[in-house]
Amino acid sequence: MLNEYSSEEEEDEDSQEEDFVQEERRRVNTKMVDQATLDKLEAGFAKFQATESKSLLKKYLTKEIFDALKVKKTSFGSSLLDVVQSGFENPDSGVGIYAPDAEAYIVFADLFDPIIEDYHKGFKKTDKHPPKNWGDVDSFANLDPNGEFVISTRVRCGRSLQGYPFNPCLTEAQYKEMEEKVSSTLSGLEGELKGQFYPLTGMTKEVQQKLIDDHFLFKEGDRFLQAANACRFWPTGRGIYHNDNKTFLVWCNEEDHLRLISMQMGGDLGQVYRRLVSAVNDIEKRLPFSHDDRLGFLTFCPTNLGTTVRASVHIKLPKLAADLSKLEEIAGRYNLQVR
């Protein structure tokens, strides 16, 4: 989600940044795709247009936009096919596109921008994300001090390592290199963040069962990610880290390069949020993250830009839960999901 903090920027900095963006657009747009990719795109587009898909991809990938973007590539070699292939193969997607690398948000902006505006409820292509700001970390308190309603609280964010493409363009060597950087960085965490990194490659059955029991283990098999070519070389380069108290967790190369999660039982949102902020700030000192002045932190999915922060609580709703249809109706009224 895009955050709501704002501050003014110097006009000359804005001008320089705009010049840089325009130059970047000109530079990356010079690359063209090969005929085989074009053929796949044309066939996929024709098949997709015949579906009854209600995805944002179907809504905004017009023939005009398709023809304008189908020949372009980023400097990482990504094409429009990398962006849309998951949505083409899964017409029941809600969104339908992924960014194969950070440049894709620029090169294929004519598709990404309207989808981002639609999904994020009005973030226009002329808008600019506020500068990095965690806000007042002491402003959050315990949501349920008496422990009557909230079972657990979780706050997470996604991050991408600067200089690396996203999943579809990563080589096996890059996966291994990133895992090494991440595991060595996380091994330097101290205090309540101190813990252990568990690589998926060569994981013993005992460790695997332990992580499953803790509900920490992620696994291959998501059809949307597989169709986006995001599961190559599995499980190479993937791993899980958690602190000794099991209140801080990092997923390495699941969907994003990093998913950083702070969580605990009860409703103390302030404690959970401050732990996440402390961890992310510590890690960023040693691992630069991919960030854009307009879109904020860049990740694989355009639904997860800006601050990329999402907070959630598990709450007790025994009477509503007894009537699932009523629960779904009320959740929909407030733009919530029952999971």
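Tutor: Helices (H or I, at least four residues) and strands (E, at least two) are DSSP runs, numbered from the N terminus. This is a predicted model, where local features need pLDDT of at least 70, side-chain atom pairs count only at pLDDT 80 or more, and totals for chains, interfaces and linings use all residues. Residues are numbered from 1 along each chain as its sequence is written, and side-chain values use heavy atoms, leaving out hydrogens and water.

Student: OK, how many helices and strands are in the protein chain?

Tutor: The protein chain has 13 helices and eight strands. Its radius of gyration (over C-alpha atoms) is 21 Å, close to the 20 Å from the globule rule (2.2 Å times the number of residues to the power 0.38) for 339 residues, so the chain is as compact as a globular protein of that length.

Student: And what share of the residues is buried?

Tutor: Buried residues make up 46% of the 339. Buried means under 20% relative accessible area, exposed over 50%, and partly exposed in between (1.4 Å probe, protein chains only).

Student: Switching to helix H5, why is it largely enclosed?

Tutor: Because nine of the ten residues of H5 (residues 80-89) are buried. Among them are Leu80, Asp82, Gln85 and Phe88.

Student: What covers those buried residues?

Tutor: The cover includes helix H2 (35-49), helix H4 (63-69) and helix H10 (223-227).

Technical notes:
Contact means heavy atoms within 4.5 Å.
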